[in-house]
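The report below goes through helix packing, strand pairing and charged side-chain pairs in turn. Please read it alongside the sequence and the model.

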Amino acid sequence: MSLSVLSEPHASVVEATVLPRIIQLGENLYGAAFALMKLLPARFIIDQAETAGILKPGTPVIETSSGTFGLGLALVCRLRGYPLTIVGDSAIDPELHNRLSLLGAQVEIVSDHGHPGGIQGTRLDRVEELRRARPESFVPNQYDNPANPAAYTVVADQLSTTLGSLECLVGPVGSGGSTGGLATALRRHTPELHLVGVDTPGSVLFGCAEGPRPLRGLGSSVHPGNVVHRSYDEVHWVAATEAFRSARDLYQEHGLFMGPTSGASFQVASWWAATHPGRTVVMVLPDEGYRYQSTVYNDGWIKEQGFDQPARPAAPGLVAHPRKCGTSWSYMPWGRRDLMSVMNEAVHA
């Protein structure tokens, strides 16, 4: 096997890590493994704002995130000299808080006190308060900014160049950027591409009742504008216990040390590839697992929190209505319909 040699150095760590590695994990299963997937839309949104003249030296940037978008944004803002405020919640663990602070970001933690839209609604309201107080600031708005999904066109080109045509894309859904953006770009050449969205119980994205979501990094308590329901052919709901187990399996079976949302993606994609032999399946693996060494990859924490599971489930349960997603792995054919249609049709059925 030949190895390619880089002809010149990368301009920064952003350029060196912004694209995923494409890795074959089975006869018809591939992974797009990112070190930090949200770095891609963070850079793209900042690039567009600079080109439009919205961002100028010293312009404050304000955004809500309790995960990797905040980290990607902090890295870009640090390298380009923009002061950054991140509004997050308790999901920002001490390790992430420290990394954000070391990059110069000011981190503000808010709490949910029965706010409409849950904790994400509280965070968004606080961002708006800060924006009004500093009207010269820039808000990337990952949930509704069309530059978020547009950023993934380059990854779609990378997948097409590396693999040729692919028939199924599986990925976690949070802001809707990665799965929606990739599917839109890939369907320009392959309209029949089958898009599988991975959500979690307690998330309202695809019609489940709102509830606790111990699996963070996917799902939502609000409906982001970038989640275009008519893009999805199939939706799966994966519980935290299953995703944690699957993340560990991904590492033990393939040496890919990834986070729990990658575990959820692997759980669904490996089943889909096995039940559809001969069809090329690519799964999105959003971030590496180093942030989760004291939790997901810690046996003591897993047992203490009640997340121990001897093996990932062999197959999902089929449900006829999103409200029936339950507390364990389930799925529903979505058929590229909007949310209202799915909810109404399921009720009538």
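## Packing of two helices

Axes are lines fitted to C-alpha atoms, for helices over the stretch in contact, and angles run from 0 to 180 degrees between N-to-C directions. In this predicted model, helix H9 (residues 240-254) packs against helix H10 (residues 260-275) at an angle of about 80°, and their axes lie 7 Å apart. Since angles of 65 to 115 degrees count as roughly perpendicular, H9 and H10 are therefore roughly perpendicular to each other.

On the H9 side the contact is made by Glu242, Ala243, Phe244, Ser246, Ala247, Asp249, Leu250, Glu253 and His254, while H10 contributes Pro260, Ser262, Gly263, Ala264, Phe266 and Gln267. Sorted by class, the contact of H9 with H10 has seven nonpolar, five polar and three charged residues.

Strands of a sheet pair through backbone hydrogen bonds, either parallel or antiparallel. Three strands form an open sheet here, in the order E3-E4-E5, and the pairing is parallel. Its edge strands are strand E3 (61-64) and strand E5 (106-109), each of which pairs on one side only. On average, and with direction ignored, neighbouring strands of this sheet are turned by 20° against each other.

Between E3 and strand E4 (residues 84-88), which run parallel, there are four bridges, and Ile62 stands opposite Thr85 in E4. Helix H5 (residues 118-133) lies across E3, E4 and E5, and its direction runs at about 165° to E3.

## Salt bridges

Side chains of opposite charge can pair when their charged atoms come close. With a cut-off of 4 Å between a side-chain nitrogen of Lys or Arg and a carboxyl oxygen of Asp or Glu, the count comes to 19 salt bridges. One of the pairs is Arg43 with Glu15, whose closest N and O atoms are 3.5 Å apart; this pair links distant parts of the chain, with Arg43 in helix H2 (residues 39-51) and Glu15 in helix H1 (residues 13-17), 28 residues apart. Glu15 is partly exposed, at a relative accessible area of 31%. Arg21 and Glu288 also meet in a salt bridge, at 3.7 Å from N to O, and here Arg21 belongs to strand E1 whereas Glu288 lies in the loop between E9 and helix H11 (299-304), 267 residues apart. Both partners have intermediate accessibility: Arg21 is partly exposed, with a relative accessible area of 40%, and Glu288 is partly exposed, with 25%.

A further salt bridge joins the side chains of Arg126 and Glu129, with an N to O distance of 2.9 Å. Because Arg126 and Glu129 are three residues apart in helix H5, about one helical turn separates them. Arg126 counts as partly exposed at 25% relative accessibility, and Glu129 is partly exposed with a relative accessible area of 39%. Finally, Arg245, Asp249, Glu253 and Arg312 are linked in a network of salt bridges; Asp249 and Glu253 are also among the H9 residues that make the contact with H10.

Terms used
Residues numbered from 1 in each chain as written. Predicted model: local features only at pLDDT ≥ 70, side-chain atom pairs only at ≥ 80, totals over all residues. Heavy atoms only, no water. Helix = DSSP H or I, 4+ residues; strand = E, 2+ residues; numbered from the N terminus. Parallel < 35°, antiparallel > 145°, perpendicular 65-115°, else oblique. Contact = heavy atoms within 4.5 Å. Nonpolar A, V, L, I, M, F, W, Y, C, P; charged D, E, K, R; others polar. Pairing = 2+ DSSP bridges. Buried < 20%, exposed > 50% of the residue type's maximum accessible area, 1.4 Å probe, protein only.
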